[in-house]
Amino acid sequence: LVPKSQVRLHLPEPDYSRPPLKMSSEQVEPIMENLGLLYGKEGAEACFSELERIMQVFYAHKTPEMVKDDRNFRRSDWFTEKDVVLITYGDLIKREGWKPLEALISVAEDNDQFGINSIHLLPFFPYSSDRGFSIIDYEEVDPRLGSWDDIEKVGLKYKLRFDGVFNHISAKSKWFQEFLNGNPKFEDYFIKFSTRKAIPEDYRRLILRPRTSNLLTGFDSIRGRKYVWTTFSPDQIDLNFQNKEVLLRIVEILLLYVRRGADIIRLDAVTYMWCELGTTCALLEESHILVRLFRAVLNVVAPQVALITETNVPHEDNISYFGDGSNEAQMVYNFALP
């Protein structure tokens with residue numbers, strides 16, 4: 001891996017004095033193809049202009065040196081057998097008078113004999129439950145741990161892996177609270193029903209889930225009682241990727257993580273990201289398409305960043321998230337290793 005000391009930080013503000021990102025037809029094609037598979041031809045065309053804008057804003061944060069490094073990057077530089085990844089919550093290591101993230105850096109440096117060159121920081125965002133996996137705000141660092149500046153300091157020496165917890169969001173999040181408040185912008189951010197029995201029993205029996213809690217959780221809203229899809233817990237509200245706006249906002253967050261130093265992004269619970277009544281709502285082709293879309297975007301604006309999918313399913317299903325070997329995840333998460 002390229003030593004982190006050689007890595008340059010993204011610009012704090014976008015530089016619009018330079019020519020904007022221009023995509024080739026070869027770069028546009030897989031993006032449009034995957035958008036079309038999800039939303040149809042008209043939906044893809046409607047979505048693409050905003051997606052391109054998001055990518056152009058991200059690109060304007062890159063230094064000329066970064067753009068040059070991207071052109072010279074070799075796929076063989078992603079991973080080798082010499083890589084050692086420390087997987088940790090941000091607050092497991094504590095030292096009096098230090099921020100938890102500062103203490104983490106100190107301990108990692110004190111243990112150079114282990115050859116640690118990559119740190120997987122488990123969710124370090126404000127959260128309401130599930131040890132960080134019920135995120136209140138995707139864009140902020142939990143102040144009990146530190147700040148984005150502290151995250152970037154870790155990233156100056158170590159490759160960084162962030163969690164993209166994009167299947168669901170906390171019931172305490174602004175997005176869900178705006179839904180309960182009747183904000184029309186957030187009306188379709190979540191999968192909602194008027195009653196708990198709105199899903200026919202035949203459809204319910206098909207659905208595969210890793211939990212035994214209620215699939216639909218009731219909340220009082222300004223528009224009355226709403227029942228929303230909760231694959232994992234009543235506090236973890238599934239996002240509705242059938243809404244193009246959800247996809248666009250998640251891509252924006254994905255690129256924010258890259259700008260903040262992520263070299264690898266672990267897509268949490270990716271197999272449940274697309275829900276379709278009448279199916280198992282797990283291991284659907286649409287979930288693979290979402291991964292391919294994320295990969296196609298990164299290939300254009302951040303080709304040095306890798307994706308790893310977390311599915312916790314049988315081996316054959318797990319490795320299916322490699323796609324054809326070049327169009328989905330660069331790695332799949334194997335629970336036997338951690």
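Guide: Start with strand β8, residues 216-221. Five of its six residues are buried, so β8 is largely enclosed by the rest of the structure. Keep in mind that this is a predicted model.

What does β8 pair with? Its partner is strand β9, residues 224-229. The two run in the antiparallel sense, and six bridges join them. Together β8 and β9 make a hairpin, with two residues between the strands.

D220 stands opposite R225 in β9. Their side chains also meet, in a salt bridge of 3.2 Å from N to O. Is D220 buried or exposed? D220 is exposed, because its relative accessible area is 58% and the exposed class begins over 50%. R225 has 39% relative accessibility and counts as partly exposed.

The structure holds 24 salt bridges. Take the one between E152 and R260, where the side chains meet at 3.3 Å, N to O. E152 belongs to helix α4, residues 148-157. R260 sits in the loop between α7 (244-259) and β11 (264-267). The pair therefore ties together parts that are 108 residues apart in sequence. E152 is buried, at 18% relative accessible area. R260, at 24%, is partly exposed. The cut-off explains the two labels, because buried means under 20%.

Next, step into helix α7. R249 and E252 both lie there, three residues apart, about one turn of the helix. Their side chains meet in a salt bridge of 2.7 Å, N to O. R249 is buried, with a relative accessible area of 14%. E252 is partly exposed, at 32% relative accessibility. The chain of contacts goes on from this pair. Through salt bridges that share partners, E50, R53, E245, R249 and E252 are joined into one network.

Now turn to the rings. How many aromatic pairs are there? The count comes to 22 aromatic pairs. One of them joins F124 and F162. Their ring centres are 5.0 Å apart and their planes stand at 80 degrees, so the pair is edge-to-face. This pair links distant parts of the chain. F124 is in the loop between β2 (118-121) and β3 (127-129). F162 is in strand β5, residues 159-164, and the two are 38 residues apart. Both F124 and F162 are buried.

Another pair brings us back to β9. F232 and Y272 are edge-to-face too, with 5.6 Å from centre to centre and 90 degrees between the planes. F232 lies in the loop between β9 and β10 (236-238). Y272 lies in the loop between β11 and α8 (285-301). The pair therefore ties together parts that are 40 residues apart in sequence. F232 is buried, and Y272 is buried as well.

Rings can meet charges, too. Which residue lies over the face of Y89? R131 does, at 4.0 Å from the ring centre. Over the ring of Y39 sits the charged end of K244, 5.8 Å from the centre of that ring.

What about the cysteines? The structure holds zero disulfides. C47 is in no disulfide, and the nearest cysteine sulfur, that of C275, is 19 Å away. C47 is buried, at 1% relative accessibility. C281 has its closest cysteine sulfur in C275 as well, at 4.9 Å. C281 is buried, with a relative accessible area of 3%.

S170 is found in β6, residues 168-170. S170 counts as buried, at 0% relative accessibility. Its side chain reaches the backbone nitrogen of K172, at 2.9 Å.

Now return to the hairpin. β8 is largely enclosed by the rest of the structure. Yet D220, in its salt bridge with R225, is exposed.

Note on methods
Residues are numbered from 1 along each chain as its sequence is written. This is a predicted model: local features need pLDDT of at least 70, side-chain atom pairs count only at pLDDT 80 or more; totals for chains, interfaces and linings use all residues. Side-chain values use heavy atoms; hydrogens and water are left out. A salt bridge is a side-chain nitrogen of Lys or Arg within 4 Å of a carboxyl oxygen of Asp or Glu. Helices (H or I, at least four residues) and strands (E, at least two) are DSSP runs, numbered from the N terminus. Buried means under 20% relative accessible area, exposed over 50%, partly exposed in between (1.4 Å probe, protein chains only). Two strands pair if DSSP finds at least two bridges between them. Rings of Phe, Tyr and Trp (its six-membered ring) pair if their centres lie within 6.5 Å; planes under 30 degrees apart count as stacked, over 60 as edge-to-face and the rest as tilted. A charge sits over a ring if NZ of Lys or CZ of Arg is within 6 Å of the ring centre and within 35 degrees of the ring normal. A disulfide is a pair of cysteine sulfur atoms within 2.5 Å. A polar contact is a pair of N or O atoms within 3.5 Å; within protein, one must be able to donate a hydrogen and the other to accept it, and residues adjacent in sequence count only if both atoms are side-chain atoms.
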